[in-house]
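Here is a short briefing on one protein model. Look over the sequence and the structure first, then read on.

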Amino acid sequence: MADYKYHRVLLKLSGEALMGQREFGIDPQVPQRIAEAIKPVYDDGVQIAVVVGGGNIYRGVEGAAEGMDRAQGDNMGMLATVINSLALQDCFEKNGMECRVMSAIEMRAISETYIRRRAIRHLEKGRITIFASGTGNPYFTTDTAAALRACEIGAEVLMKATKVDGIYDKDPKKFEDAKKFDVISYRDVLKLRLGVMDATATALCQENRMPIKVFNMEQEGAIADALRGLNIGTTVVEED
């Protein structure tokens, strides 16, 4: 543990990441790769919490755009995060990692109900803790849920896994001259509308001085390198 800068972290995963090359649902190989990436730092004693989205199954915003009530659509999206959380739990446990799923919406038959102190206790006992159902309320994204839970459990960093290696001033897939930031302030993320996380999540992290680490999880050893504080991805921090 001595060479890690962060010892309690919250990892934010998108639901879309679980699709792999599919157009819908979960590619079983993706949770397996995530488990293999997390296992070394888990074995080293890093306390890991996870929030996963549900966009691979249902997106409330898209449902609202097609005429569905927004609150109802978001409720469906929160249930989708539970499906993803259970898939991750199964894969983590098959790879020898203790894991608990805690849901903001009570569903005792398949998960524990989220209680902050119990979540912290799970982490202290070395169990990966997956927070499902977002915040439990419509109109809030899983980014906001990740920021909220990171603050509640006293995480030292919120790590957001993406398909790019950090934050750029514009889309690097479309613009060859896109500039990557090694470090950027919350204020600049909001002012430049970089879309790292939604504004509510970014503002919550800013208010609570919760660092955000944006990185490409598919790079070999990326999680361990990020936890060691190496120059990987982009770090969002408060201005001096």
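Is S111 buried or exposed? S111 counts as buried, because its relative accessibility is 8%. Buried means under 20% relative accessible area, exposed means over 50%, and partly exposed lies in between (1.4 Å probe, protein chains only).

This is a predicted model: local features need pLDDT of at least 70, side-chain atom pairs count only at pLDDT 80 or more, and totals for chains, interfaces and linings use all residues. Residues are numbered from 1 along each chain as its sequence is written, and side-chain values use heavy atoms, with hydrogens and water left out.

**Loop residues**

- S111 sits in the loop between β3 and β4 (112-113). Helices (H or I, at least four residues) and strands (E, at least two) are DSSP runs, numbered from the N terminus.
- Leaving aside neighbours within four places in sequence, S111 is in contact with V101 and S103. Contact means heavy atoms within 4.5 Å.
- Y139 is not a glycine, yet has a positive phi of about 75°. Y139 is found in the loop between β5 and α5.
- R193 is not a glycine either, and has a positive phi of about 50°. R193 belongs to the loop between α6 (186-191) and α7. With a relative accessible area of 76%, R193 is exposed.

**Nonpolar cores**

- The largest nonpolar core has 38 residues. Such a core is a set of buried Ala, Val, Leu, Ile, Met, Phe, Trp, Tyr and Cys residues joined through side-chain atoms within 4.5 Å.
- L11, I38, F92 and I128 have the most contacts inside this core.
- Elements that each supply at least two residues of this core include β1 (8-13), α1 (29-43), α3 (70-94) and β5 (128-132). The largest share, six residues, comes from α1.
- Beyond its neighbours within four places in sequence, L11 is in contact with residues including I38, V50, M159 and F215.
- A second, separate core of 29 residues includes L10, V51, V196 and V236.
- In soluble globular proteins, nonpolar side chains tend to be buried together.

**A helix pair**

- Helix α5 (residues 142-152) and helix α7 (residues 199-207) pack at an angle of about 15°, with their axes 7 Å apart. Axes are lines fitted to C-alpha atoms, for helices over the stretch in contact, and angles run from 0 to 180 degrees between N-to-C directions.
- α5 and α7 are therefore roughly parallel to each other (angles under 35 degrees count as roughly parallel).
- On the α5 side, D143, T144, A147, L148 and C151 make the contact.

Key:
Angles under 35 degrees count as roughly parallel, over 145 as roughly antiparallel, 65 to 115 as roughly perpendicular and the rest as oblique.
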